[in-house]
Amino acid sequence: MSELERRVAELETELAAARGDENAVADVLARLGSNLEAIGQRNCAVLGLKEAIAIRERLDDPVGLADCLNRLGAVLETLCRFDEARHVLERALVVARTAGDRASEATALNNLGLVDEATGKLDLARDRYSASIAFLRELGDRAKLASTLNNLGVVHARAGQDELALVTYSEALALHQLEESRDGSASTLNNMGDIFERRVSR
């Protein structure tokens with residue numbers, strides 16, 4: 001059993017113990033959904049996150065609701081259910097803005113950028129990522145900033161703006177290294193390598 005699978009089992013036990021406390025149930029369902037997505041059980045993640053969203057709506061908890069909507073939108077994007085993902089994430093963006101939750105707003109913008117990028121809307125994706133990056137700089141969230149910069153670099157590269165992509169990747173890499181994120185560093189280095197490989201093959 002992998003570490004992620006063990007974490008899912010722990011959260012399932014935590015969920016059973018939380019029944020009767022709606023706030024606790026919604027919290028566990030949100031975390032469980034993200035972990036289920038990570039081990040490939042995306043349809044189960046969708047069901048759990050929809051339950052969490054219904055609870056947050058009943059509790060009138062906009063911050064919790066924005067978080068759950070963002071998580072659901074991210075899972076739907078990985079399932080290539082792009083229209084559903086966009087609808088959910090646009091709602092997350094509105095809820096986050098209304099609640100003044102800048103962290104969730106930044107996340108919604110990044111996730112919408114992923115949907116736009118996947119559906120070929122590169123200009124819109126660039127604008128979403130750039131807006132998210134501005135929020136993340138203000139919030140000082142280095143880990144998410146690094147990830148979103150990496151996403152923006154991909155869009156620059158796909159648009160043929162290799163120099164701009166490399167500058168963006170370089171900042172992302174520096175942040176990943178500060179955060180000691182091996183996976184993040186590896187992803188960004190791989191993206192930089194793609195650019196250099198293209199240059200050699202020309």
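Visitor: What share of the contacts in the protein with a separation of 6 or more comes from residues 24 or more positions apart?
Guide: Keep in mind that we're looking at a predicted model. Two heavy atoms within 4.5 Å make a contact here. Take the contacts with a separation of 6 or more, then keep those between residues 24 or more positions apart, and you get 51%.

Visitor: What percentage of the 202 residues is buried?
Guide: Buried means under 20% relative accessible area. As for the surface, the protein exposes about 10300 Å², with carbon and sulfur atoms supplying 51% of it. The buried residues make up 45%.

Visitor: How far apart are the mean positions of the positive and negative charges?
Guide: The protein carries 25 positive and 34 negative charges.

Visitor: How many disulfides does a search of the whole structure find?
Guide: A disulfide needs two cysteine sulfur atoms within 2.5 Å. C44 is in none, and its nearest cysteine sulfur, that of C68, is 17 Å away. For C80 the closest cysteine sulfur is in C44, 18 Å off, which is too far for a bond. The search of the whole structure finds zero.

Visitor: Is E37 buried or exposed?
Guide: E37 sits in helix α2, residues 22-38. Skipping its neighbours within four places in sequence, E37 is in contact with R42, A45, V75 and T78. The cut-off for buried is under 20%. At 19% relative accessibility, E37 counts as buried.

Visitor: What is the relative accessible area of N70?
Guide: N70 belongs to helix α4. Leaving out neighbours within four places in sequence, its contacts are L89, A92, S104, T107, A108 and N111. N70 is buried, with a relative accessible area of 4%.

Visitor: How far apart in space are R31 and T119, C-alpha to C-alpha?
Guide: R31 lies in helix α2 and is partly exposed at 22% relative accessibility. Not counting residues up to four places away in sequence, R31 touches R7, L11, E14 and R71. R31 and T119 are 88 residues apart in sequence, and their distance in space is 27 Å.

Visitor: What distance separates the C-alpha atoms of A103 and L139?
Guide: A103 is part of helix α6, residues 102-118, and at 38% relative accessibility it counts as partly exposed. Along the sequence, A103 and L139 are 36 residues apart. C-alpha to C-alpha, the distance is 7.4 Å.

Visitor: Where is R81?
Guide: R81 is partly exposed, at 27% relative accessibility. Beyond neighbours within four places in sequence, R81 is in contact with N43 and L76. Its C-alpha is 9.3 Å from that of V115, 34 residues apart along the chain. As for its place, R81 is in the loop between α4 (62-78) and α5 (82-99).

Visitor: What is the phi of E180?
Guide: Most residues other than glycine have a negative phi. D60, in the loop between α3 (42-59) and α4, has a positive phi of about 55° without being a glycine. E180, in the loop between α9 (162-178) and α10 (182-201), is exposed at 70% relative accessibility. E180 isn't a glycine either, and its phi is positive, near 55°.

Conventions. Residues are numbered from 1 along each chain as its sequence is written. This is a predicted model: local features need pLDDT of at least 70, side-chain atom pairs count only at pLDDT 80 or more; totals for chains, interfaces and linings use all residues. Side-chain values use heavy atoms; hydrogens and water are left out. Buried means under 20% relative accessible area, exposed over 50%, partly exposed in between (1.4 Å probe, protein chains only). Accessible areas come from the Shrake-Rupley method with a 1.4 Å probe; for residues, only the protein chains shown count as cover. Lys and Arg count as positive and Asp and Glu as negative; His and the chain ends are not counted. The place of a charge is taken as NZ of Lys, CZ of Arg, CG of Asp or CD of Glu. Helices (H or I, at least four residues) and strands (E, at least two) are DSSP runs, numbered from the N terminus.
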